[in-house]
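This briefing covers surface patches and charge pairs. The sequence and structure come first, then the notes by topic.

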Amino acid sequence: MEGVKLTGALSADEQASVFPPNERAERGPVAVIECVQQIPCNPCEKACPFGAIEVGPDITNLPRLDLDKCRGCGLCLSKCPGLAIFLVDASKSATEALVMFPYEYLPLPAPDEIVDGVDRTGRFVAKARVVKVDTGAQREGTTIVTLAVPKQTMHDVRSMRLVAPGEVFLCRCCEVSETEVRQAVREGAKTVAAVKMRTRAGMGLCQGRTCRRLISRVIAEETGQSPADILPPTSRAPVRTLSLEALAGGDDNE
Amino acid sequence: MRVEKHPVLGDREVGRLVTISVDGAEIEAVEGEPIAAALLAQGMIVMRRTPRFGEPRGVFCGIGRCTDCAMTVDGVPNVRTCVTPVKAGMVITSNLKGGGE
């Protein structure tokens with residue numbers, strides 16, 4: 001099970017299809033457009049003041065980046081609604097590379113802070129130094145963070161993690177933290193259903209829509225399995241919250 | 001929050017203004033817009049408090065999935081206000097104390 005359609009993160013093949021050659025990153029900053037699904041979307045094309053990004057008349061085309069026209073200004077990063085554009089720059093040092101990415105969470109770090117650089121799925125890759133935090137008005141609410149990372153990880157680090165697992169809710173409805181879920185798995189709850197029975201995660205109003213995949217991932221990580229091998233929780237009708245009145249035929253609106 | 005100019009849907013249609021009651025306060029809303037949109041337009045961002053820690057919640061996903069914006073509408077609990085259209089005279093209450101959901 002891999003690829004952005006199934007996991008939300010680019011597979012190795014998909015990554016290879018969008019990475020600029022390393023020589024280009026060694027020359028200076030360059031955009032990495034991690035857009036591999038033919039969705040009808042083209043704000044990146046207009047965002048580039050140098051005409052380096054082309055989608056063309058067919059709006060479902062994948063964006064093409066002209067590596068020579070791209071000056072690495074980063075204006076496209078905050079214009080991509082999917083937050084799929086990054087900037088890498090390997091020209092500044094022999095050991096470190098700069099990675100710029102859009103970041104729409106709080107809190108924000110301070111320059112020179114050391115943070116956990118994480119990959120496209122949120123897994124830890126390497127310690128990284130915060131170089132710049134740009135919350136400029138032209139970013140329209142999307143902050144652009146620049147991290148200095150070990151050069152060999154410049155195509156892996158795509159975000160950062162500032163919040164401790166104990167402060168992250170996997171299940172928003174029942175307010176069950178990542179730490180609590182990990183603890184439950186370590187104590188023997190090896191299925192999503194078992195975690196639910198132990199922690200209530202997935203018992204809330206949203207019926208586990210948000211947390212079930214996250215819980216599957218934690219179980220997979222803790223037990224060394226692939227997320228695809230973790231059985232999904234039992235789905236029970238109705239899949240949308242529905243009043244008993246509607247079920248009984250008493251409500252004309254449903 | 002109301003999107004006045006949408007790049008795909010165009011300009012916002014001018015709807016009929018109606019009054020709804022939110023935790024006892026009468027507010028103006030546009031008939032047919034999501035209840036959550038009417039509340040956000042008034043600066044009301046807290047729609048409930050969580051059962052376990054009593055923390056504030058409001059619109060999170062905005063597409064009827066996460067249920068963070070659920071309120072009691074005309075006596076019906078757990079109504080997702082982001083996908084429920086405003087009707088004139090609606091009486092809406094929130095659970096701002098947390099617990100008991």
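A nonpolar patch lies on the surface, made of A:L242, A:L244 and A:L247, with about 330 Å² of accessible area together. The model is predicted: local features need pLDDT of at least 70, side-chain atom pairs count only at pLDDT 80 or more, and totals for chains, interfaces and linings use all residues. Residues are numbered from 1 along each chain as its sequence is written, chains are lettered from A and ligands numbered from 1 in the order in which they are written, and side-chain values use heavy atoms, with hydrogens and water left out.

**Nonpolar patch**

- Patches take residues with over 30% relative accessible area and no salt bridge, joining like charges within 9 Å and nonpolar side chains (Val, Leu, Ile, Met, Phe, Trp, Tyr) within 5 Å.
- Accessible areas come from the Shrake-Rupley method with a 1.4 Å probe, and for residues only the protein chains shown count as cover.
- A:L247 belongs to helix 8 (residues 244–247) of chain A; helices (H or I, at least four residues) and strands (E, at least two) are DSSP runs, numbered from the N terminus.
- A:L247 counts as exposed because its relative accessibility is 55%, where exposed means over 50%, buried under 20% and partly exposed in between (1.4 Å probe, protein chains only).

- Side chains of opposite charge can pair when their charged atoms come close.
- A salt bridge here is a side-chain nitrogen of Lys or Arg within 4 Å of a carboxyl oxygen of Asp or Glu, and the count over all chains is 25.
- A:D68 and A:R27 form one of them, at 3.6 Å from N to O.
- That pair links distant parts of the chain, 41 residues apart: A:D68 is in the loop between strand 3 (64–65) and strand 4 (85–89) of chain A, and A:R27 is in helix 3 (residues 22–27) of chain A.
- A:D68 is exposed at 66% relative accessible area, and A:R27 is exposed at 56%.

**Salt bridges in chain B**

- B:R2 and B:E33 form a salt bridge with their closest N and O atoms 2.7 Å apart.
- This pair also spans distant parts of its chain, 31 residues apart, with B:R2 in the segment before strand 1 (5–6) of chain B and B:E33 in the loop between strand 4 (25–30) and helix 1 (35–41) of chain B.
- B:R2 is partly exposed at 27% relative accessibility, whereas B:E33 is buried at 9%.
- B:D11 pairs with B:K5 in a salt bridge, the closest N and O atoms being 3.4 Å apart.
- B:D11 is exposed at 53%, and B:K5 is exposed at 65%.

**Network**

- Salt bridges that share partners join A:R123, A:R161, A:E178, A:R182, A:R186, A:R217, A:E221 and A:E222 into one network.
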